[in-house]
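Let's take a walk through this structure together. Have a look at it first, and then we'll pick out a few details.

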Amino acid sequence: MDERRWTNPSPEPGQVVEYPGLSVACAAPGGALMISGDLDAALSALVQGAPVLGCGAPAPEGPHAIRIARDRALLVTDAPLDVAPGWHGSYAISLADDLYTLISLEGPRVEEIAAACTATPLDGSSPSATTLFGGLGAHVTRSGNRLMIRVQSPDGAALWSLLARLAGGRGS
């Protein structure tokens with residue numbers, strides 16, 4: 001057996017699985033840019049007024065930045081922005097449209113599943129949206145009544161499988 005061969009496929013955008021009290025969906029990633037350096041200057045130049053979100057913070061409609069570190073954020077937009085990667089004065093931009101798998105959780109069991117996956121408060125009180133979610137590095141925000149979890153694309157299958165185990169049988 002080759003343990004490097006993952007048997008579960010990564011979820012595809014549009015894929016939805018319903019469990020008792022929980023809907024798990026893989027969302028389309030939209031546009032994403034990784035920003036490093038002077039976040040204020042970058043956001044001012046790219047999408048003025050876009051808020052910077054911490055762990056579990058509610059995301060507004062439209063562009064917003066998910067803080068990853070003191071000097072790093074993921075700028076999320078509805079569609080990719082036409083911007084050149086590289087250094088732009090005091091900040092750098094990297095294209096990140098396919099860097100993350102975006103999985104949303106919705107329904108009355110969201111908080112139960114979240115509590116089983118992380119000890120980090122998902123209330124926006126942490127300035128960084130990065131946490132361990134089910135043992136995987138993730139950026140967690142909210143959109144309406146949904147919990148939005150971004151994991152690096154290679155970890156998408158692992159998170160999808162973990163959520164199936166947790167949601168499929170309450171005790172499993």
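At 17% relative accessibility, Arg142 counts as buried. Keep in mind that this is a predicted model. What does the side chain of Arg142 meet? Its partner in a salt bridge is Glu111, at 3.0 Å from N to O.

How many salt bridges does the structure hold? There are 2. The other pairing to look at joins Arg109 and Glu112, whose closest N and O atoms are 3.1 Å apart. Here Arg109 is buried, because its relative accessibility is 4%, while Glu112, at 36%, counts as partly exposed.

Now let's turn to how α2 sits against another helix. Two packed helices are described by the angle between their axes and the distance between the axes. For helix α2 (residues 110–117) and helix α3 (residues 156–168), the axes come within 11 Å and cross at roughly 120°. Angles of 65 to 115 degrees would count as roughly perpendicular, and α2 and α3 are therefore oblique to each other. The crossing of α2 past α3 is right-handed.

Which residues meet there? From α2 come Ile113, Ala116 and Cys117, and from α3 come Leu162, Leu163, Leu166 and Ala167. Sort the residues of this contact by type and you get 7 nonpolar, no polar and no charged.

How values were computed: Residues are numbered from 1 along each chain as its sequence is written. This is a predicted model: local features need pLDDT of at least 70, side-chain atom pairs count only at pLDDT 80 or more; totals for chains, interfaces and linings use all residues. Side-chain values use heavy atoms; hydrogens and water are left out. Axes are lines fitted to C-alpha atoms, for helices over the stretch in contact, and angles run from 0 to 180 degrees between N-to-C directions. Helices (H or I, at least four residues) and strands (E, at least two) are DSSP runs, numbered from the N terminus. Angles under 35 degrees count as roughly parallel, over 145 as roughly antiparallel, 65 to 115 as roughly perpendicular and the rest as oblique. A crossing is left-handed if the near helix is turned anticlockwise from the far one by less than a right angle, and right-handed if clockwise. Contact means heavy atoms within 4.5 Å. Ala, Val, Leu, Ile, Met, Phe, Trp, Tyr, Cys and Pro count as nonpolar, Asp, Glu, Lys and Arg as charged, and the others, Gly among them, as polar. A salt bridge is a side-chain nitrogen of Lys or Arg within 4 Å of a carboxyl oxygen of Asp or Glu. Buried means under 20% relative accessible area, exposed over 50%, partly exposed in between (1.4 Å probe, protein chains only).
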